[in-house]
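Welcome! Take a moment to look over the sequence and the 3D view, and then we will walk through some features together.

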Amino acid sequence: MNYRKLTKGLTTCVLTAALLLGTAASAGAAEPVFSDVDRGAWYYGPVTNLAGQGVVSGYTDGTFRPDRTATAGEALKLVLTACGNGVMAPAGSHWASGYLSHAVSQGLVDRDSVTDADASITRGTAAKLLVRTLGLTVSNASSPFIDTADPYAVTLYRAGLVSGSFRGGKLEFRPQDPISRAELCAIIDRMNSPGMIQYGSYQVPIAENLPRNPYDPASFRLTDGRMTYSGRETATGIDVSYYQEDIDWRAVKNSGIDFVMIRLGYRGYETGKLVLDSRFREYISGATAAGLDVGIYFFSQAITVEEAREEARFVLSNLQGYAVTYPVVFDWEIIGVKPARTDDLDPQLLTAAARAFCDTVAAAGYTPAIYFTKYLGYVSYDIGRLGDYDFWFAEYTDAPSFYYGFDMWQYTDRGSVPGISGRVDMNICFKSYN
């Protein structure tokens, strides 16, 4: 997908006229509040934005009814009006007949897919309408969705206009389900912000310098707790800290584990003190002797660039004499316990700290990497500034759904491995470090 071309195309989709998805109430203030649209709801921003622009409004009782199914007529009017087609006079007895007639004549919808303007419109039909109206090139990329390979749905996903939803750990599009009023508002709102990723209530600019996620969700297979990826050579690994207690490293190696990421240490989230993991030297000696490839991670709570460099120097001083073949990882995480010294750290400062750690590690001859969850990757970091380093991504689902590429995936924290008595994190690595 050429996102610069997409951006140019979407600039023609200017929201120029008021559209009422229901019995009209005055749009009024710049930030209207509907009684049934909570500030914390995922659709709060899109609905509020469009209402403030006079594009949508609620009902006379002060509600918006975001979960109500949108009719085909409502969807046609919203999409066509948003893309500059203007208000169309009825071409028949129904108020939306002009929009339907125009959409069919222009090939924006198939004639037999919308026959009743008052009937609900499916998500699949809405996807086709949007792609054709926007003039997007239909994508031939593999589908991120487990339930459809529909190229129109994939095109909207790659354009950042839809994100799908998780059910049972699987990303779905549900093409035959009706689309809701809130979902339509979200898509139209994103059309005003091309080149954006929608993550929950956050809209995040796409980092054009980073490669996209290349992995086909259908190629992942979980068998007896081990994740594989068909058609590509991968390695299976675990990550450990002193919580795993006694480990029989020979048993771990003989069970088919290829590599281990060992916590070297951490910075205290209250004191800021640097601490060596009490099992680090035991673990790295045992894993190396058993023939496992070894990588290192440091649990950071750095709040300045200099603290990140200090952490890197601490790591390097304790690595002397050990063979490390996998990355040395900056693992900064949100504690979620008050008070933590890292609370509300600015993304630009955190990004600069990560770069300082990684650059110090790289200067010493190791491969630097950054560990993150989806929230950290989208919200806490300015991830476009981290493209010089390898990525270790954590998401506990059947297939990873992060927008960008990554080198390792931590797919569960509930793994079971011979030689370890309790649960352990499991990883699959797509890159060869040997």
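Which residues lie nearest the centre of the largest pocket? They are Ser241, Tyr243, Tyr297, Glu333 and Asp425. Keep in mind that this is a predicted model.

**The largest pocket**
- Its volume is about 470 Å³, and 20 residues line the largest pocket.
- Strand E7 (235-240), strand E8 (259-267), strand E10 (293-300), E14 and strand E15 (424-429) are the elements that each give two or more residues to this lining.

**A look at glutamate 395**
- You can find glutamate 395 in the loop between strand E13 (390-394) and strand E14 (408-415).
- Glutamate 395 has a relative accessible area of 9%, so it counts as buried, the cut-off being under 20%.
- Leaving out residues up to four places away in sequence, glutamate 395 touches Phe166, Lys374, Pro400, Ser401, Phe402, Trp409, Gln410 and Tyr411.
- From glutamate 395 to proline 418 there are 23 residues in sequence, and the C-alpha to C-alpha distance is 23 Å.

**The whole protein**
- The protein has twelve helices and 15 strands.
- Along the principal axes, its C-alpha atoms fill a box of roughly 80 × 45 × 35 Å.
- Of its 434 residues, 54% count as buried.
- The protein exposes about 18500 Å², with 48% of that supplied by carbon and sulfur atoms.
- Taking contacts between residues at least 6 apart in sequence, 66% join residues at least 24 apart.

Definitions and conventions. Residues are numbered from 1 along each chain as its sequence is written. This is a predicted model: local features need pLDDT of at least 70, side-chain atom pairs count only at pLDDT 80 or more; totals for chains, interfaces and linings use all residues. Side-chain values use heavy atoms; hydrogens and water are left out. Helices (H or I, at least four residues) and strands (E, at least two) are DSSP runs, numbered from the N terminus. Buried means under 20% relative accessible area, exposed over 50%, partly exposed in between (1.4 Å probe, protein chains only). Contact means heavy atoms within 4.5 Å. On a 1 Å grid over the protein atoms alone, a cavity is a set of points where a 1.4 Å probe fits but cannot get out, and a pocket is an open set with protein on both sides within 12 Å along at least five of seven lines; lining residues have an atom within 4 Å of a point. Grid points are joined across faces, edges and corners, and a volume is the space filled by probe spheres set on the points. Accessible areas come from the Shrake-Rupley method with a 1.4 Å probe; for residues, only the protein chains shown count as cover.
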